Amino acid sequence: MSEPYQTKPGVKIPSHESSLPKRFYKAVDVVALDESFAVHLDGRPVKSPAKRTLALPTRALAELVASEWEAQGERINAPTMPATRLCFVALDLIPDARSATVAEVTKYASTDLVCFRAPEPPELTASQAAAWDPVLAWAEDSLGAHFVAATGLMPIHQDPVALQRVMQRAGELDDWRLTTLAHVTAVCGSALLALQLLDGKIDGEQAFALSTLDEHFQISQWGEDHEAADRLARLRTELVTMGEVLRALDAAPAA
């Protein structure tokens, strides 16, 4: 058996942080354009990966993005900038992928997290019903979409009319809100929770709690390891920020 790889004495393995791009700016500002707002770094506008100026529809959203750039230390760590990443997607990718994005959200609704219930133990089934039944009631009242819940792992054949209602609602959204809806849907595994967040029925903290109910039940039974804790922390940050993005989009676009 070969010897495990070892570095030579005095040779340092580059850390993850050292591989990140260095912060190249000092000042971060929000600048009003004709009908939008840009984030400037030392007087220059932030550009998307496709080299488009990051023009945002409201000052509140621009300030949220600016706060992420301001919060960076000596290195720029993109995973800590969820609002910025989301806006890049909305600007560069969604305009040419609207139909596919709407279809993906609808597909999630057909296997929505809140419709799949555990057969046991009783404590978990009761928690799921208490947390998720109101989501289904909201979908019926607000969307005219009747979704059914079932136990086990067998496929649930949801009413095509309910799925059509979700598709219609998603298709009506502008690129910014559709991007946010799709991202929250994927993070939560639930189009219905994402639609509730979109409509202000729940906030990001509630979306996190509702979408990780099973994980938190398991933690209460068996304890939490560091890997699971890190994952949940990332999910919470993403969902709280997505809630902030939606509220920023709803803010008046005043200069």
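Which residue follows α7 and has a positive phi? That residue is Gly200, whose phi is near 80°. The model is predicted, so local features need pLDDT of at least 70 and side-chain atom pairs count only at pLDDT 80 or more, while totals for chains, interfaces and linings use all residues. Residues are numbered from 1 along each chain as its sequence is written, and side-chain values use heavy atoms, with hydrogens and water left out.

**Helix α7**
- Helices here are DSSP runs (H or I, at least four residues), numbered from the N terminus, and in α7 eight of its eight residues are buried, where buried means under 20% relative accessible area with a 1.4 Å probe and protein chains only.
- The buried residues of α7, among them Leu192, Gln196 and Leu198, pack against α3, α4 (122–143), α5, α6, α8 and α10 (226–250), with contact meaning heavy atoms within 4.5 Å.
- Ser190 caps the N-terminal end of α7, as one of its side-chain oxygens lies 3.4 Å from the backbone nitrogen of Leu192.

**Helix α5**
- Helix α5 (residues 160–171) has 12 residues and reaches 16 Å from its first C-alpha to its last, close to the 16 Å expected at 1.5 Å a residue, a span counted as 1.5 Å times one less than the number of residues.
- Ala162, Leu163, Val166 and Ala170 are the buried residues of α5.
- They lie on the same side of α5 because they cover an arc of only 100° around the axis, taken from the directions from the helix axis to the C-beta atoms.
- What covers the buried residues of α5 includes α3 (98–110), α6 (175–188) and α7 (191–198).

Conventions
Helices (H or I, at least four residues) and strands (E, at least two) are DSSP runs, numbered from the N terminus. Buried means under 20% relative accessible area, exposed over 50%, partly exposed in between (1.4 Å probe, protein chains only). A polar contact is a pair of N or O atoms within 3.5 Å; within protein, one must be able to donate a hydrogen and the other to accept it, and residues adjacent in sequence count only if both atoms are side-chain atoms.
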